[in-house]
Amino acid sequence: MKKIIILSFIALLACNQKSKVSVLEAPIACGQCLFELDSEEGCSLAVKVLDKPYFVDGFGIDDFGDAHDENTGFCNVVRTAKIEGVIENDRFVASSIVMVD
């Protein structure tokens, strides 16, 4: 029983730890439209880090132009950006996003 409690505590700590992401080129798009995330309503900015999508905090989906633009909008096109920030509570808290394309 002690081992189960200790392992549960370690797993809980691991889930709540912050993972720093240094400058990295990553796919960026609408989490709902193109990355199949469904934990939020409406369109929200998301990035993929190591093939896992995360909603972005600190930047909005329209901060880089109209999200529904046919050629460059995040709801229609997966783009590439240099990102920096931390993964915290299963979200990407961005300190910097610079579009590459």
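The structure is a predicted model, in which local features need pLDDT of at least 70, side-chain atom pairs count only at pLDDT 80 or more, and totals for chains, interfaces and linings use all residues. Residues are numbered from 1 along each chain as its sequence is written, and side-chain values use heavy atoms, with hydrogens and water left out.

The protein contains 1 helix and 5 strands; helices (H or I, at least four residues) and strands (E, at least two) are DSSP runs, numbered from the N terminus. Along the sequence these elements follow the pattern α-β-β-β-β-β. Of the 101 residues, 30% count as buried, where buried means under 20% relative accessible area, exposed over 50%, and partly exposed in between (1.4 Å probe, protein chains only). The protein exposes about 6500 Å², of which carbon and sulfur atoms supply 54%; accessible areas come from the Shrake-Rupley method with a 1.4 Å probe, and for residues only the protein chains shown count as cover. Among contacts (heavy atoms within 4.5 Å) with a separation of 6 or more, 48% involve residues 24 or more positions apart.

The 5 strands form a closed barrel that runs 1-2-3-5-4, with mixed pairing. From one strand to the next, the twist averages 50°; axes are lines fitted to C-alpha atoms, for helices over the stretch in contact, and angles run from 0 to 180 degrees between N-to-C directions. Two strands pair if DSSP finds at least two bridges between them. Strand 2 (residues 45-49) and strand 3 (residues 52-57) run antiparallel and are joined by 4 bridges.

The loop between strand 2 and strand 3 holds L50, a residue other than glycine whose phi is positive, near 50°. L50 counts as exposed because its relative accessibility is 80%. A positive phi, near 55°, also occurs at N89, again a residue other than glycine. N89 lies in the loop between strand 4 (79-88) and strand 5 (91-99).

The cysteines remain to be considered. A disulfide is a covalent bond between the sulfur atoms of two cysteines. With a disulfide taken as a pair of cysteine sulfur atoms within 2.5 Å, the count comes to 0. C30 is in no disulfide, and the nearest cysteine sulfur, that of C33, is 3.6 Å away. C33 is likewise in no disulfide, its nearest cysteine sulfur being that of C30. C30 has 0% relative accessibility and therefore counts as buried, whereas C33, at 39%, counts as partly exposed.
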